[in-house]
Amino acid sequence: MAKNSLTLESVRHSLIRQEDSIIFSLIERAHFPINSPTYSPSHVSNSTHTFSGPLLRFVVKENEALLAKAGKYANPEEHPFFPEDLPPSVVPPYNFPEFLHPPAASININKDIWDAYVNKLLQLFVAPGDDGNYASTAASDLVCLQALSRRIHYGKLVAEVKFRESPQEYEPAIRAKDRDTLMKLLTFEKVEEAVMKRVAKKAMMFGQEVTLNKDGDHGKYKVDPSVVSRLYGDWIMPLTKHVEVEYLLRRLD
Ligand SMILES: C=C(O[C@@H]1C=C(C(=O)O)C=C[C@H]1O)C(=O)O
């Protein structure tokens with residue numbers, strides 16, 4: 001869809017679709033135990049000392065360097081976790097539609113997303129234990145982090161659409177740098193309640209054990225649906241709204 005025809009309905013539709021990616025990524029990650037060496041500060045070090053630090057950091061950084069060369073971060077909807085020292089793209093630039101107000105480019109809350117994911121979220125949906133599959137664990141984390149980052153930074157588009165629908169409501173609060181009023185204006189509690197119910201339902205449907213005999217393993221899910229709901233209610237939606245407020249604060253610059 002052309003970006004100029006984005007509506008609140010169409011951006012919400014994209015967020016609903018992104019729920020599928022997030023829930024599938026959580027299910028894949030929950031397949032492994034916590035595997036804590038993946039996050040230990042000294043797990044990677046090589047003889048030339050070009051990198052030392054947690055394996056997850058190494059996997060994400062290397063992956064981002066590769067995709068930067070393939071042009072990924074030329075798209076304003078993509079946000080790297082390690083924007084410093086990214087190699088230049090080797091592909092010709094694509095003319096992405098300019099829907100967002102330009103200061104949007106300065107908003108990247110991936111450090112907060114990383115911190116929440118590694119230090120809080122993982123423990124909520126992953127079992128304790130260690131099976132040695134650290135590289136595959138890091139690869140699964142990468143997919144989760146990318147899906148979360150994309151969804152949360154999508155708040156920029158949500159905020160732009162809301163602003164365009166009623167600029168007169170937002171402008172005084174933006175000029176007054178009044179975060180609380182902006183937060184109130186952009187919050188729709190009914191939508192948030194529906195999101196929490198829908199993601200729990202999706203987690204039940206996507207994460208059920210599928211068997212061929214009639215009395216399959218009902219009530220056992222690969223990721224606890226109430227935990228998925230909680231991840232959305234306590235982390236994913238608040239971080240999305242944080243991006244919305246940050247975006248709106250710069251909307252008149
Ligand atoms: C994204 C929106 O803005 C807010 C954040 C929501 C979310 O992160 O899912 C849901 C409702 C709103 O309170 C929206 O209005 O759809």
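Predicted model: local features only at pLDDT ≥ 70, side-chain atom pairs only at ≥ 80, totals over all residues.
Me: How do helix 2 and helix 4 cross?
Reply: The axes of helix 2 (residues 55-69) and helix 4 (residues 134-153) come within 9 Å and cross at roughly 60 degrees. That makes helix 2 oblique to helix 4. Angles under 35 degrees count as roughly parallel, over 145 as roughly antiparallel, 65 to 115 as roughly perpendicular, and the rest as oblique.

Me: How are the axes and the helices defined?
Reply: Axes are lines fitted to C-alpha atoms, for helices over the stretch in contact, and angles run from 0 to 180 degrees between N-to-C directions. Helices (H or I, at least four residues) and strands (E, at least two) are DSSP runs, numbered from the N terminus.

Me: Which residues of helix 2 and helix 4 meet?
Reply: From helix 2, L55, L56, V59, V60, N63 and L67 meet Y134, A135, A138, A139, D141, L142, L145 and Q146 of helix 4. Contact here means heavy atoms within 4.5 Å. By class, this contact of helix 2 with helix 4 has 11 nonpolar, two polar and one charged residues. Ala, Val, Leu, Ile, Met, Phe, Trp, Tyr, Cys and Pro count as nonpolar, Asp, Glu, Lys and Arg as charged, and the others, Gly among them, as polar.

Me: And helix 3 with helix 4, at what angle do they cross?
Reply: Their axes cross at roughly 130 degrees and come within 10 Å. Helix 3 is therefore oblique to helix 4, and the crossing is right-handed.

Me: Which residues make that contact?
Reply: N110, I113, W114, Y117, L121 and L122 in helix 3 meet D141, C144, L145, L148, S149, I152 and H153 in helix 4. The residues of this contact divide into nine nonpolar, three polar and one charged.

Me: Changing topic: how many aromatic pairs are there?
Reply: The count comes to four aromatic pairs. Rings of Phe, Tyr and Trp (its six-membered ring) pair if their centres lie within 6.5 Å; planes under 30 degrees apart count as stacked, over 60 as edge-to-face and the rest as tilted. The rings of F82 and W114 have centres 5.5 Å apart and planes at 75 degrees, so this pair is edge-to-face.

Me: Where do F82 and W114 lie?
Reply: F82 lies in the loop between helix 2 and helix 3 (110-125) and W114 in helix 3, so the pair ties together parts that are 32 residues apart in sequence. Ring pairs also link F81, F82 and W114 into a cluster.

Me: Is F82 buried or exposed?
Reply: F82 counts as buried, at 9% relative accessibility. W114 also counts as buried, at 18%. Buried means under 20% relative accessible area, exposed over 50%, and partly exposed in between (1.4 Å probe, protein chains only).

Me: What does K162 touch?
Reply: Not counting residues up to four places away in sequence, K162 touches L8, R12, Y170, L186, F188 and E244. K162 is in helix 5 (residues 155-165) and counts as buried, at 6% relative accessibility.

Me: Where is A173, and what is it in contact with?
Reply: A173 lies in helix 6 (residues 167-175) and is buried, with a relative accessible area of 7%. Leaving aside neighbours within four places in sequence, A173 is in contact with D178, T181 and L182.

Me: Last topic: which residues have a positive phi although they are not glycine?
Reply: Among them are N35, with a phi of about 50 degrees, and K177, also at about 50 degrees. Most residues other than glycine have a negative phi.

Me: Where is each found?
Reply: N35 is in the loop between helix 1 and strand 1 (44-45) and is buried, with a relative accessible area of 0%. K177 is in the loop between helix 6 and helix 7 (179-186) and counts as exposed, at 63% relative accessibility.

How values were computed:
Residues numbered from 1 in each chain as written. Heavy atoms only, no water. Left-handed = near helix turned anticlockwise from the far one by under 90°.
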